Amino acid sequence: MSAPLLEVRGLHVEYAGSGILRSRRGTVHALRGVNLELHAGRSLGVVGESGCGKSSLARVALGLVAPSAGEVRWDGWTVDPGDHVRMRRMRRELQVVFQDPFGSLDPRMTAGASVEEALEALEGLTDATAVRSRVAAAFDSVGLERGLASRYPHELSGGQCQRVAIARATVVRPRLLICDEAVSALDVSVQAQIVNLLADLSRQQGIGLLFISHNLAVVRHLCDEVVVLYLGRVVERATREALFATPRHPYTQALLAAVPVPDPRVASRRATAAVAEEGSPGTQPSAGCAFAPRCPHALDACFGRPPGLEAAGGGSVVSCHRWRELAGIA
Amino acid sequence: MRSTPGSAEVTGATVLAIDGLRVVFDTEQGPVQAVRGVTMDVMAGECLAVVGESGSGKSQLFLACLGLLAGNGRALGSARLQGAELIGSEERGLASLRGAAVGLVSQDPMNALTPHLRIGEQLTEFVLDRGRMTRPEARGRALELLRSVGIADPETRYDQYPHELSGGQRQRVAIAMALMPGPVLLIADEPTTALDVTVQAQVLDVLRGLRGQGLTIVLVTHDLGVVAGLADRVAVMYAGAVVELATADQVFSAPRHPYTAALLEAIPRLDAEPGARLAHIEGQPPGSQERLQGCPFAPRCAFARERCRESEPRLEWRDGRASACHAPLPGGWTP
């Protein structure tokens, strides 16, 4: 197999505590030794709850935050912010769509100008005819009427703004699109449109997706493979089929159990919340497995030492002392 | 526990009767109707979910009942809480009403909690200010409520500040605070939207427990998923009007309004075929400035006919359920 398009090795990201908290809590470890890879044209879901480090992962991949340890490789090249030529190329090949469709567009720029700007800035394309035809094609591909090009963000709906953001990201023909909670702020009926659009773009144009989301059901619709993060660590990685059919990590199981089911017959039969409350702010982390304090299956041993990532068959990896036992595998 | 959904109607007592309620905002572009004539009853002991997407008017409807509309908003029509008119009554009367008779829980618990006051002070402030309880009584009730919403070690939490609690704990405290004066109605407006999915499940458990104890709850949400398993009845809103009102079972298993059906289909589900396309609704809800003609959903509706584009259907009751559609889906239709 060819080299992965995006490869992350032993990634650590730390933020200095800010303000009055700096002295008390010190450094915040957003990511603690994350490995992952994404091949061209594939879609990888990164799931986890707030504070799991999923957005830090996006920022590092985009070169917006420098890792405190570990490395990021783009198409085999170790990302080096000092190498302006390669960085420039990577910035074109690697695009991002954020959660807030209004906040990610310049309010003083029309939808068309936003998309044009990306072409000019990243491809240096200035020929008016060429720009116009590329922008029109981008509008078509995201299902936006060309007539909306003259509108400003405040004149567009949330779904339309998100389409403009996707047009802006895809007009430069990227190889990977990072979606950081890109559909979370949208209404359900519009969310479905954008999820289908991303699936189409990925399939038709061969764009890889790094889809960061807290919504497992959306990830299931869109991603070939899924990584589950908990407090900055990968706790499970599996193909879509394996993760949803046989989730191995108790945290993955808890996340799946917590997804609301839109069916009263199922919902009323369900057991109540499967995991303990998240820790209060400032709670001392466990010296062992980070999930142990909330885990319904934790034993004393789980608090003693952190579990490593183990192969769990079918290309899956899981980080749990008890996964074999819980899965009924001797 | 109630045995059959909708049986709240049998027990009879109406807690909140909303009749022809309209909410109008005066804007630079002229008046905008956010709620266009809503009539619904909230029955004693039931959990009524009011579901809609952004701009459907679901939140403004209840903010209007509580006199909490923004300065340029006006409420017209009627909303009676246990017979007492809420619309157009004096601001002072409303303030004491919404503090005591109606508890409100909103999306962000930090809005309900004051950062520099201890949890115990916030919980007891209202009842102590009004001389409704002595300090030991108030403390006792606060601790009991904290326990009932699943706060472990309430004595410790009582003396802590909001920032010492997690997001889920804060929302539990906000619920306890809304319950302190012993309200007859709890309005929960997107109570779990800002929470992580595992925490959301816990807060929904708390609401389910309160419903089991007989509390009347209005759950305002955009998420049909959180409604299932909690709501007895569901009102679906679109473009400022109720388009369907029925028991939760009816809404989920046999929606009559095409919008309800389409909304149900658009929800990403864990039991769907992996990698399958989502059923989506073309277009988007009408903007607040848009002039409506005919059924507001018609431009997006797969079943729309000529008549739908000409006249807006009224909410009509049939077989104990209501829908506002010229061509409702047959009862046995399932998504």
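Residues are numbered from 1 along each chain as its sequence is written, while chains are lettered from A and ligands numbered from 1 in the order in which they are written. Because the model is predicted, local features need pLDDT of at least 70 and side-chain atom pairs count only at pLDDT 80 or more, whereas totals for chains, interfaces and linings use all residues.

Helices (H or I, at least four residues) and strands (E, at least two) are DSSP runs, numbered from the N terminus. Axes are lines fitted to C-alpha atoms, for helices over the stretch in contact, with angles from 0 to 180 degrees between N-to-C directions.

| Helix pair | Angle | Axes apart |
|---|---|---|
| H4 (residues 111–123) of chain A and H6 (residues 158–170) of chain A | about 20° | 8 Å |
| H7 (residues 188–205) of chain A and H12 (residues 258–266) of chain B | about 45° | 9 Å |

The contact between H4(A) and H6(A) is made by Ala111(A), Ser114(A), Val115(A) and Ala118(A) of H4(A) together with Val164(A), Ala167(A) and Arg168(A) of H6(A), where residues are in contact if their C-beta atoms, placed from the backbone, lie within 7 Å. Between H7(A) and H12(B), the contact is made by Val188(A), Ser189(A) and Ala192(A) of H7(A) and by Ala262(B), Leu263(B) and Ala266(B) of H12(B).

In chain A, 4 strands form an open antiparallel sheet in the order E2-E1-E4-E5, where strands pair if DSSP finds at least two bridges between them. The edge strands, E2 (28–38) and E5 (77–78) of chain A, each pair on one side only. E4 (residues 69–74) of chain A is joined to E5(A) by 2 bridges, and Arg73(A) has Thr78(A) as its bridge partner in E5(A).

Conventions: Two residues are in contact if their C-beta atoms, placed from the backbone, lie within 7 Å.
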